[in-house]
Amino acid sequence: MGIFERYLSVWVGIGMVLGLAGGVMFPDVFTFLGNLQYAQINMVIAVLIWLMIYPMMMQIDFGAIKKIHQRPKGIVITIVVNWLIKPFTMALLAVFFIRYLFGPWISPSLGDEYIAGMILLGVAPCTAMVFVWSQLTKGDANYTLVQVAVNDLIMVVAFAPIAAFLLGVTEVMVPWDTLLLSVTLFVVIPLVAGVLTRMLVKNRDANKQQATLDKLSKTMKPLSIMGLVGTVILLFGFQAEKIISNPVDIVLIAIPLLIQTYLIFAVTYIWMRKSKQPHRVAAPGAMIGASNFFELAVAVAISLFGIHSGAALATVVGVLVEVPVMLSLVAYANKTKHQFAIESA
């Protein structure tokens, strides 16, 4: 393990500080970079995420994908947790903490908006960053791709009705441009790039081909880590003003989001272990539900409640806490890999 991977949490912490400092000291620069977006997706961050995902996509073997139907339990667990458990636990935690536990410090109307934003996060399981978490936990690249693909297909039909039900509104307009652009940028394009890379290094000797791919992936690893840290710097820089002007509310919103993240990870991880799923399937599967498709959640919050609403702020807090929290889960998954293998055997 290189210096970049060994001290990843340190680099991310430095990135958070640099982002906040940069957002305060050079607000015009971050405003300019923040406006480089389309369909609520920032193009600079999109490039950085693409750098993180591409090395994993080089490992996708379509021949191996055909055999995934022989291990359906991992897919089933992912679907059940993401769509039958996660949205409802998020709604319950949001209502309990914001409306009741933190009620004395938050006005009812603003509290309802915070709850709405958190619910939108709960109904939007991750699409892009899960490839990064899977790579960091040495997940099965082929299986992760299928898990994400199935998740995205379900999202197309399930996101709007579940969100509408939990929000108590008659209709939720899905921002199709955000959804389709995200899938294209973070799944389709890097996947095609990975396939083309495999074709370029194609060798009759499968071992030599894999060795070449592993060497290329290792060479790109520092760029991938830099992409992650760069993403953190930009996210915290974009929201520096909100963080500094609303520190108490940000902490109050973050608490139920943190509990939800660890809860969903634990439910999925333990269920995967009890179902005898290998660690390379269980870890990425747990990461999908634990993390969020924040671009979609932010876009819907803004369209329903406005850019300056409490709902939009809540989705932004979800973005800010996700990276450091997910890194802690990556560390836990890697630390328990040996134990996981013994108990799931």
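Colleague: How many salt bridges does a search of the whole structure find?

Modeller: Side chains of opposite charge can pair when their charged atoms come close. A salt bridge is counted when a side-chain nitrogen of Lys or Arg lies within 4 Å of a carboxyl oxygen of Asp or Glu. The search of the whole structure finds two. This is a predicted model, in which local features need pLDDT of at least 70 and side-chain atom pairs count only at pLDDT 80 or more, while totals for chains, interfaces and linings use all residues. Residues are numbered from 1 along each chain as its sequence is written, and side-chain values use heavy atoms, with hydrogens and water left out.

Colleague: Which side chains meet at 2.9 Å, N to O?

Modeller: Those of Arg99 and Asp112. Arg99 belongs to helix α6 (residues 73-101) and Asp112 to helix α7 (residues 108-122), 13 residues apart. Helices here are DSSP runs of H or I with at least four residues, strands are runs of E with at least two, and both are numbered from the N terminus.

Colleague: Which side chains form the salt bridge at 3.8 Å?

Modeller: Asp140 and Arg280 form that salt bridge. Asp140 lies in the loop between α8 (130-136) and α9 (141-167), and Arg280 in helix α14 (residues 279-290), so the pair ties together parts that are 140 residues apart in sequence.

Colleague: Is Asp140 buried or exposed?

Modeller: Buried means under 20% relative accessible area, exposed over 50%, and partly exposed in between, with a 1.4 Å probe and protein chains only. Asp140, at 12%, is buried, whereas Arg280, at 42%, is partly exposed.
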